[in-house]
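I opened the model to look up a few points for the notebook. The entries are below the display.

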Amino acid sequence: MVGVAVFPIAGTADLSRVEAPVTLKAYLLCAFAAFGGIFFGYDTGWMSGVLGMPYFITQYTGIQYDYETGQPIGVDPTAFALPSSTKSLMTSILSCGTFFGALIAGDVADFLGRRPTIIIGCAVFCVGCILEMASTNQVALFVMGRLVAGLGVGFISATILLYMAEVAPRRFRGALIASYQFCVTLGILLANCVVYATANNNGTSSYRIPVGIQFLWALILGIGLFVLPESPRFHVMKGKINAAVRDLSLVRGQPIDSEYIKDELAEIVANHEYEMQIIPQTSYIGSWMACFQGSLFKGNGNLRRTILGAGMQMMQQLTGINFIFYFGTTFFQQLGTIHNPFFISLVTTLVNVVSTPVSFWAIEYLGRRPLLIWGAIGMIVTQLIVAVVGVTAGRADVHDDNAVKTMIAFICIYIFFFASTWGPVGWVVVGECFPLPIRSRGVGISTASNWFWNCIIAVITPYMVGNEPGSADLGPAVFFIWGSLCVLSLAFAYFLVPEMKGLTLEQINVMMEETTPRKSGGWRPTRTFATQMGRVRDDSRPGTGKPESLATV
Ligand SMILES: OC[C@H]1O[C@](O)(CO)[C@@H](O)[C@@H]1O
């Protein structure tokens, strides 16, 4: 730390603290970190297409395929598919790995730092890819590869989010974290493009090319992270104030002795010290338990933050979005009238990509909570339309081309609602709602919750829509289930999500301690909080500032 001055820490932060101007460097830094979302999306995206690849199916079922006519030999085309159990296992095992990866990542990120944890995630991910590539027709090896790659993705997905939330400037934090989700959608699109290009290859290149390309993402992110600064909040946690000053000045693009840096660091340190007094870190287990302490309704405890973070991710998955991205290709195949289901899958992923940036603006302008509420309403309506059209006229035995087109149009509108609201906002809320002493664990638990429900969807949906014996053969009626689950998402957003727009992480922290659930709708900052934030200086409580969004509450 030669050349870096020891920083004088004030007891409390200035209420009217002005944040450093957002430099291009700050944007680029977050944008690069967001690139980690590519892993998440790409790994989610390629499996759906590979499961529908003729070469892949012939390898694992033994049924031969005629590439000239584009038809399987000796069986009905709708029977040319992997058994539901294999589809379910190959798809869901990734989420199993990511679930554990995300849970472990929090500890590693607190011990080694955010950056090394992401680099380790990249290395583990590469090992998983090698195993996947090595498998020809051994289900076990392929599944093992997905599990290990999943561990890596779990590490990366939880830690990137933590890193971004900690380094992003507050005014654009929502939009920048949303760009992580944008990269998830780009990853799905890239996977679909690659799969589309190789789908009809008659050889192992059909699936080895999509799998092999993933090394590129690991290489870019892994190498890039060597030059990015560490999160200043991690240094504060470790008591390394000089390193925190240095890295804060790097991420803000301001000189180390500037007032901006002094003020922001004072706020981070003061808030951390305060939180350490109220969150007992007595032992390893004790510090995990801290995530579940307190009351759901009032007081300082973290339980409601954990419920908020994990619940957001649960509800995000229960909207049914991965039904489309995991099983879209095979679902469209089963509708009977679609000649190129790979193309329809490509269209759905494209809609997902172009809709996500809408949230960059809306999240900062309209706020998190309204977006979640309107997104849930949009998803309920569109999914019910898909279900009704589907069960009346969209089934394979009816062969109504117009009905199928209507379903696809409404599936695209449903994806628009998801992509511009619940997709990104889910991550933003998770990145924002935990105090520093438990942030890495809280983000890990929430990310693990996303993957847990992701896994449940991956395991059960092939059986819900499959048409073989033992499967429920729900077909398009499955959208009644997703639509109903979106009603729960709506209630969750309405009653449990407080608005965090425009606040620093430290101010959110204060607000979360002060918010109360109101019968008339949602959690609201209490009068005390509004007073502290907007009108009266309270020197007994560190980490308070004057957010515009609450000045009039
Ligand atoms: O954009 C859709 C994708 O976004 C996620 O929900 C993560 O936020 C993934 O599970 C899904 O595949």
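These entries cover a pair of helices, one glycine and the ligand site.

**Entry 1: the model.** I note at the start that I am working from a predicted model.

**Entry 2: two helices.** I looked up how helix H5, residues 114-134, sits against helix H8, residues 205-212. The packing angle is about 175°, and the axes are 10 Å apart. Angles over 145 degrees count as roughly antiparallel, so H5 is roughly antiparallel to H8. From H5, I listed Cys129, Glu132, Met133 and Ala134 as the residues that make the contact. From H8, I listed Arg208, Val211 and Gly212. Sorted by class, the contact holds 4 nonpolar, 1 polar and 2 charged residues.

**Entry 3: glycine 174.** I found glycine 174 in helix H7, which spans residues 173-198. Is glycine 174 buried or exposed? Its relative accessibility is 0%, so I recorded it as buried. I then checked its contacts, setting aside neighbours within four places in sequence, and found Ile363, Glu364, Arg368, Val428 and Glu432. I also looked at valine 429, which is 255 residues from glycine 174 along the chain. The C-alpha atoms of these two residues are separated by 8.4 Å.

**Entry 4: the ligand.** I counted 15 residues surrounding the ligand, the closest being Gln181, Gln316, Asn322, Asn352 and Trp427. I next looked up distances from polar side-chain atoms to oxygen atoms of the ligand. Glutamine 181 has such an atom 2.7 Å from a ligand oxygen. For asparagine 352, I noted 2.9 Å. For glutamine 317, the distance from a side-chain N or O atom to a ligand oxygen is 3.0 Å.

Notes:
Residues numbered from 1 in each chain as written. Predicted model: local features only at pLDDT ≥ 70, side-chain atom pairs only at ≥ 80, totals over all residues. Heavy atoms only, no water. Axes fitted to C-alpha atoms, helices over the stretch in contact; angles between N-to-C directions. Helix = DSSP H or I, 4+ residues; strand = E, 2+ residues; numbered from the N terminus. Parallel < 35°, antiparallel > 145°, perpendicular 65-115°, else oblique. Contact = heavy atoms within 4.5 Å. Nonpolar A, V, L, I, M, F, W, Y, C, P; charged D, E, K, R; others polar. Buried < 20%, exposed > 50% of the residue type's maximum accessible area, 1.4 Å probe, protein only. Near = heavy atom within 4 Å. Polar contact = N/O pair within 3.5 Å; in protein donor to acceptor, adjacent residues only side chain to side chain.
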